[in-house]
Amino acid sequence: MTALSGPRASASESPASNGLAALLAAIMLLSAGPSILRHAESAGLAFAGWRMIVGAAAYFAVLKLRGGHLSLAAVRNSFWGGVAFGVSMALGYSAIANTSIANAQIIGALRPAVVLLVVGPLLGDRIRAMSLVWTCFAIGGVAIMVIWSGENSGNSLFGDMLALLGMLVGTCFLVFSRNARSRHDALTYSTAMTLVAGAVLLPAAAVAEGTLTPLPVPSDWPHVMLMTALPGIGHVLTTYSIGYVKLHVVSNVHLLQPVLTAVIAWFVVDEPLVAAQIIGMGVTVAALFPLARDEHLRLRR
């Protein structure tokens, strides 16, 4: 049985190499998303919803090729994870439409602190004091990056509250995913969860855009496919890693995403990098390194 076909690693497998490597690969794939969306004409809730549906179809095809199946029990156990994922994505889009990108990203970067201080202890995860220190440094690095990115106009309390709510719902998604991963492998869970998320996003898009069939424009379907092939696989790898790695580590390592997103955007779409962003990147990476190292050592024991 391969690593993706079971919720837990066998005794002969290294959880550190499986979980952390999958998580790091996931961050790299997810970070390509904004550069892909930069070229899309209809990036919004409808685009996100159809991306979920196409992704679910692709995951289902792979699942069937691997000899698996999607049961009603899997859909039921994945339901709340899919709802949370879809709602958090809808809130994220709405937040960016109502406040600055900088505020939305900084508020989203607070998720590791919530997981570390609230969710982890509730789930019985032992949290080291230095983990909190490094988490604060990593969040500070993200704040430095986005505040001086030049995209910090249009702040509003309403948009900030939407971003905060989206961050909290996204935190719930991690908890729901952890529970579901104890029952299903990553591919089965991702298939069911993504299908439910699409079912949440498409009606939301219909309401927001005033049409019952909010299809992306024809030129955007290649971008939908590319989002399925890159960030979509990143989501599968993230759900896989949740079965092996503590939630506060998963959440912390996701702080690398703004760093890699900025680097990819600089390389692919010629988006400039200012000195403060580079400093923020350095602070974030330097703070996350000891966290990842400690988790690697813990998993090897």
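At 53% relative accessibility, Leu117 counts as exposed, because the cut-off for exposed is over 50%. The model is predicted. The protein has 14 helices and zero strands, and buried residues make up 48% of its 301 residues.

**Nonpolar surface patch**

- Leu117 lies in helix α6, which spans residues 111-122.
- Together with Val118, Leu122, Leu123 and Leu132, Leu117 forms a nonpolar patch on the surface.
- The accessible area of these residues together is about 460 Å².
- Helix α6 supplies the largest share of the patch, with three residues.

**Packing of α4 and α8**

- Two packed helices are described by the angle between their axes and the distance between the axes.
- For helix α4 (residues 72-98) and helix α8 (residues 157-181), the axes come within 8 Å.
- The crossing angle of these two axes is roughly 160°.
- An angle over 145 degrees counts as roughly antiparallel, and α4 and α8 are therefore roughly antiparallel to each other.
- The crossing in which α4 passes α8 is left-handed.

**Salt bridge**

- The count of salt bridges comes to one.
- The side chains of Arg38 and Glu271 meet in a salt bridge, with an N to O distance of 2.7 Å.
- This pair links distant parts of the chain, its two residues being 233 residues apart.
- Arg38 sits in the loop between α2 (33-37) and α3 (45-65), while Glu271 sits in the loop between α13 (256-268) and α14 (275-300).
- Arg38 has 47% relative accessibility and so counts as partly exposed.
- Glu271 has a relative accessible area of 22%, which means that Glu271 is partly exposed as well; the limit for buried is under 20%.

**Gly140 in helix α7**

- Gly140 lies in helix α7, which covers residues 129-147.
- Because its relative accessibility is 26%, Gly140 counts as partly exposed.
- Gly140 and Leu110 are 30 residues apart in sequence, and their C-alpha to C-alpha distance is 9.8 Å.

**Overall order of elements**

- From the N terminus on, the elements of the protein run α-α-α-α-α-α-α-α-α-α-α-α-α-α.

Definitions and conventions. Residues are numbered from 1 along each chain as its sequence is written. This is a predicted model: local features need pLDDT of at least 70, side-chain atom pairs count only at pLDDT 80 or more; totals for chains, interfaces and linings use all residues. Side-chain values use heavy atoms; hydrogens and water are left out. Patches are made of residues with over 30% relative accessible area and no salt bridge: like charges are joined within 9 Å, nonpolar side chains (Val, Leu, Ile, Met, Phe, Trp, Tyr) within 5 Å. Accessible areas come from the Shrake-Rupley method with a 1.4 Å probe; for residues, only the protein chains shown count as cover. A salt bridge is a side-chain nitrogen of Lys or Arg within 4 Å of a carboxyl oxygen of Asp or Glu. Helices (H or I, at least four residues) and strands (E, at least two) are DSSP runs, numbered from the N terminus. Buried means under 20% relative accessible area, exposed over 50%, partly exposed in between (1.4 Å probe, protein chains only). Axes are lines fitted to C-alpha atoms, for helices over the stretch in contact, and angles run from 0 to 180 degrees between N-to-C directions. Angles under 35 degrees count as roughly parallel, over 145 as roughly antiparallel, 65 to 115 as roughly perpendicular and the rest as oblique. A crossing is left-handed if the near helix is turned anticlockwise from the far one by less than a right angle, and right-handed if clockwise.
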